[in-house]
Amino acid sequence: MKSRYLPLLLVVGIAALPFVTDIALGRSWVRLLDFALLYAMLALGLNIVVGYAGLLDLGYVAFYAVGAYSYAMLASPHIGIHLPLYVLLPTGALLAAAFGALLGAPTLGLRGDYLAIVTMGFGEIIRIFLRNLSITNGPAGIDLIDPIAIGGFSFSASHTLFGFTLPGIYNYYFLFVGLTTLILLMSKRLEGSRIGRAWAAIREDEIAAKAMGLNTKNLKLLAFAMGATFGGISGVLFAGFQGFVSPESFTMNESVMILCMVVLGGMGHLRGVLLGALLLAILPEAFRPLAQLQQSAFDQVYLDPANLRMLLFAVALIAVMILRPEGLWPSPVRKRELHDKEGDDRPLPPSGQPTGSDSVPGHTGVSAADAGGVA
Amino acid sequence: MSALLEVKGLQVHYGGIQAVKGIDLDVHEGELVTLIGANGAGKTSTLNALSGLLKPAAGSITFAGQPLAGMPVHQLITAGLALVPEGRGVFPRLTVAENLAMGAYVRADQAEVRKDLDRMFGLFERLHERRDQKAGTLSGGEQQMLAIGRALMGRPRMLLLDEPSMGLAPLMVQKIIAVIRQVAAEGMTVLLVEQNARLALQAAQRAYVMEGGRISFSDTAHACLNDPRVRAAYLGE
């Protein structure tokens with residue numbers, strides 16, 4: 001019976017969460033929840049690139065920036081254009097996808113560390129452009145961005161429902177929950193699809209994947225573009241929610257943070273990635289009271305609370321990576337991958353016969369009947 | 001009858017040296033042909049040129065009347081040529097069944113694919129027993145069987161096998177050769193590139209012997225087995 005009521009329980013829990021949080025912790029925590037959901041969307045997007053296709057991307061925040069700035073420039077007094085969301089959401093998504101393909105194209109031949117460095121460079125290029133172009137208003141950023149509105153319903157305004165007055169952060173919460181769910185479902189479908197399986201094959205062995213007839217170039221580009229699309233969507237929402245964007249929101253730290261969410265939660269596993277994103281978005285705030293604790297304990301603040309928070313955060317991350325390298329909530333496949341050291345975990349086959357007895361250790365390629373060596 | 005695979009004047013450069021110095025080679029429909037030679041004779045470079053991993057410096061490769069040079073690797077399977085890469089190249093963290101399904105990636109006839117999957121499990125009993133096990137946990141010989149089965153799932157017209165005996169114990173090598181013979185007996189055209197000359201010659205109908213980037217000798221496999229030069233150079237007599 002438990003499983004039957006679980007979905008209902010989940011829906012009620014998610015719906016009640018902002019109200020409970022507001023009462024228990026205060027309104028700023030509801031805002032934090034909104035941000036956590038934005039991060040969840042970002043992490044799910046990056047998961048497509050890193051988790052599914054196995055391409056390490058350290059410049060993912062660039063796509064978030066592209067989405068955010070596309071909304072900021074086309075829905076603010078900055079240029080004087082105010083386009084509606086139903087135009088800007090697809091625009092931001094498509095623009096980010098185009099940038100994703102643009103980044104993907106020159107990096108197709110690269111793997112691992114080399115790819116990471118190039119993507120990192122790409123992220124920085126975008127940020128520096130935003131900082132130095134006059135059309136993006138340079139380091140000052142763009143202010144007075146229109147709030148997100150659908151029809152006449154503005155998400156930033158307070159609305160009264162059943163006699164309760166709900167401030168903007170509640171509206172955004174429900175909007176973000178809806179979109180996160182949508183992205184989650186899309187990812188789920190993608191994972192089990194033909195494309196998802198092809199990505200898994202590329203992650204495992206690119207040459208073999210090519211020999212199976214997979215167009216690895218196009219599939220990698222698709223992964224970059226799909227991941228970037230979700231990043232762009234999150235960016236659009238961020239700009240409308242925050243009402244202000246500046247290049248400082250899109251530093252490399254953000255890229256690293258999003259990557260941490262994916263890795264910490266469990267690469268390639270949707271529930272894990274979601275957990276990682278929510279946890280890492282909220283954790284730094286949760287460490288905030290430590291400054292007061294110091295004050296009351298020692299009558300003095302020895303360690304700057306901001307630094308202390310980051311220190312504890314780093315310790316927590318390292319601990320998780322040592323104790324659970326596969327992530328907090330990994331997919332069964334990923335778990336096998338990281339605990340698999342050249343077949344030392346070979347399970348006994350059902351029949352009880354040991355496998356692997358016919359391999360020559362070290363694959364030296366010398367067998368009894370082979371008498372090569374003649375030039 | 002014109003050859004299914006026809007190689008003419010093929011030259012391949014690899015890492016600054018001329019690894020293949022102009023060879024002619026052909027394989028007819030339904031034949032099991034082997035290309036043997038010592039380490040560094042140019043066998044792998046030849047195969048890499050056939051499979052599109054290396055670009056030939058000169059010469060032509062024609063498959064089913066279609067030039068292969070310049071064709072991207074991923075289009076080979078659609079053209080009907082399946083490569084079983086050296087070192088097997090299975091997807092270690094996908095299950096046996098998933099690996100086999102990957103082999104049929106370019107095919108749209110799902111009902112036929114399912115039939116072929118059953119056929120593979122019939123051909124390779126060991127794979128059937130381990131169908132839900134991840135491929136990385138299989139033994140080397142089982143992985144080689146999986147790689148061959150996976151290539152067959154694409155319903156190719158011809159199979160390119162690169163050193164299938166590599167790294168396997170003698171008993172398993174015999175089993176793999178038996179499998180290759182069986183596949184060939186069912187009508188598959190096979191080009192077997194092997195270092196293990198004796199076994200390759202016992203299985204094949206015709207053979208090319210490669211030496212220093214050139215074909216030094218070619219005849220029926222039976223004649224090669226009895227040729228004093230081949231016996232001296234490759235069979236250790």
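This is a predicted model: local features need pLDDT of at least 70, side-chain atom pairs count only at pLDDT 80 or more; totals for chains, interfaces and linings use all residues.
At what angle do the axes of helix α2 (residues 27–52) of chain A and helix α11 (residues 270–286) of chain A cross? They cross at roughly 140 degrees and come within 8 Å.

Residues are numbered from 1 along each chain as its sequence is written, while chains are lettered from A and ligands numbered from 1 in the order in which they are written.

**The helix pair in chain A**

The crossing of α2(A) and α11(A) is right-handed. Residues that touch across the pair include A:L32, A:F35 and A:Y39 of α2(A), and A:V273, A:L274 and A:I282 of α11(A). Two residues are in contact if their C-beta atoms, placed from the backbone, lie within 7 Å. By class, the contact of α2(A) with α11(A) has 13 nonpolar, three polar and one charged residues.

**A glycine in chain A**

A:G240 sits in helix α9 (residues 216–242) of chain A. A:G240 counts as buried, with 27 C-beta neighbours inside 10 Å. The cut-offs are 20 or more other C-beta atoms within 10 Å for buried, 12 or fewer for exposed, and in between for partly exposed. Leaving out residues up to four places away in sequence, A:G240 touches A:Y71, A:I145, A:D146, A:P147 and A:I148. A:G152 is 88 residues from A:G240 along the chain, and their C-alpha atoms are separated by 15 Å.

**Chain B**

Chain B has ten helices and ten strands. Helices (H or I, at least four residues) and strands (E, at least two) are DSSP runs, numbered from the N terminus. Chain B is as compact as a globular protein of its length, because its radius of gyration is close to what the globule rule gives for 237 residues. That radius is taken over C-alpha atoms, and the rule is 2.2 Å times the number of residues to the power 0.38.

| Property of chain B | Value |
|---|---|
| Radius of gyration | 17 Å |
| Span of the C-alpha trace along its principal axes | about 45 × 40 × 35 Å |

Buried residues make up 53% of the 237 residues in chain B.

Helix α1 (residues 43–50) of chain B has eight of its eight residues buried, so it is largely enclosed by the rest of the structure. Just after α1(B), B:G52 takes a positive phi of about 85 degrees.

Notes:
Axes are lines fitted to C-alpha atoms, for helices over the stretch in contact, and angles run from 0 to 180 degrees between N-to-C directions. A crossing is left-handed if the near helix is turned anticlockwise from the far one by less than a right angle, and right-handed if clockwise. Ala, Val, Leu, Ile, Met, Phe, Trp, Tyr, Cys and Pro count as nonpolar, Asp, Glu, Lys and Arg as charged, and the others, Gly among them, as polar.
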